Amino acid sequence: MPSFDIVSEVDFAEVDNALQNLTREISVRYDFKGSKSTAEHKDGVITVFADDDLKLKQMHEILRSNLNKRGIQPGQIDYQKVEPAAGQSVRQNIVVKEGIEKELAKKIVKEIKSAKMKVQVAIQGEELRVTGKKRDDLQAAMQFVRDMGLEQPVQFKNFRD
């Protein structure tokens, strides 16, 4: 029986490359001269340190553009609360979302079932398995999920005939 998986994955090597580009750009920009602004990545969380709120916002713009160039969409990034650090400096954690949360998975399943498609959807941890009798039904389900306009980007993997 044909099937495929709906997943939400991030290539963390690309996240590291984007952070290296951010660090390189900060080191050559005039407005960051003498600044102690840095960014580091650990276990799916990017921690950004900046001298003040203005530099933090500039770092966000640079990071967002570098991540976008690397194929990581804005829906996969979750900005946490800005925390004050020593003196005037600020710190912010940015979570890189991976996997489909239960609420979003349930929403996708409900939408597919309400569309009365000839496929079955099963939640398997942080991914969804879609099975059907015909390849065309699965491709219609893929297009339906793409057209849903989800806030978190999803990919389709393991298409089996």
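**Entry 1: two helices in contact**

I take contact to mean heavy atoms within 4.5 Å. Helices (H or I, at least four residues) and strands (E, at least two) are DSSP runs, and I number them from the N terminus. The model is predicted, so I note that local features need pLDDT of at least 70, that side-chain atom pairs count only at pLDDT 80 or more, and that totals for chains, interfaces and linings use all residues. Residues are numbered from 1 along each chain as its sequence is written, and side-chain values use heavy atoms, with hydrogens and water left out.

I looked up which residues of α1 and α2 meet. On the α1 side I found Val15, Ala18, Leu19, Asn21, Leu22, Glu25 and Ile26; on the α2 side, Met59, Ile62, Leu63, Asn66 and Leu67. I sorted the residues of this contact into 9 nonpolar, 2 polar and 1 charged. In this sorting, Ala, Val, Leu, Ile, Met, Phe, Trp, Tyr, Cys and Pro count as nonpolar, Asp, Glu, Lys and Arg as charged, and the others, Gly among them, as polar.

Two packed helices are described by the angle between their axes and the distance between the axes. For α1 (residues 12-28) and α2 (residues 53-69), I noted an angle of about 140° and axes 9 Å apart. That makes α1 oblique to α2; angles under 35 degrees count as roughly parallel, over 145 as roughly antiparallel, 65 to 115 as roughly perpendicular and the rest as oblique.

**Entry 2: aromatic rings**

How many aromatic pairs does the structure hold? I found 2. Rings of Phe, Tyr and Trp (its six-membered ring) pair if their centres lie within 6.5 Å; planes under 30 degrees apart count as stacked, over 60 as edge-to-face and the rest as tilted.

The pair of Phe4 and Phe156 is edge-to-face, with 5.7 Å from centre to centre and 80° between the planes. I located Phe4 in strand β1 (residues 3-7) and Phe156 in strand β8 (residues 155-160), 152 residues apart. The rings of Phe4 and Phe159 have centres 6.2 Å apart and planes at 15°, so I recorded this pair as stacked. Phe159 also lies in β8, so its pair with Phe4 ties together parts 155 residues apart in sequence.

Is Phe4 buried or exposed? Phe4 counts as buried, at 0% relative accessibility. Phe156 counts as partly exposed at 21%, and Phe159 counts as partly exposed at 31%. Buried means under 20% relative accessible area, exposed over 50%, partly exposed in between (1.4 Å probe, protein chains only).

**Entry 3: two residues with positive phi**

Most residues other than glycine have a negative phi. I found that Asp43, although not a glycine, has a positive phi of about 55°. Asp43 sits in the loop between β2 (38-42) and β3 (45-50) and is exposed, with a relative accessible area of 73%. Its C-alpha is 9.2 Å from that of Val96, although the two are 53 residues apart in sequence.

I also noted a positive phi, near 55°, for Lys116. Lys116 is in the loop between α3 (102-114) and β6 (119-124), and counts as exposed at 73% relative accessibility.

**Entry 4: Gln80**

Where is Gln80 found? I located Gln80 in strand β4 (residues 77-84). Gln80 is partly exposed, with a relative accessible area of 33%. Leaving aside residues up to four places away in sequence, Gln80 touches Gln92, Asn93 and Val95.

How values were computed: Axes fitted to C-alpha atoms, helices over the stretch in contact; angles between N-to-C directions.
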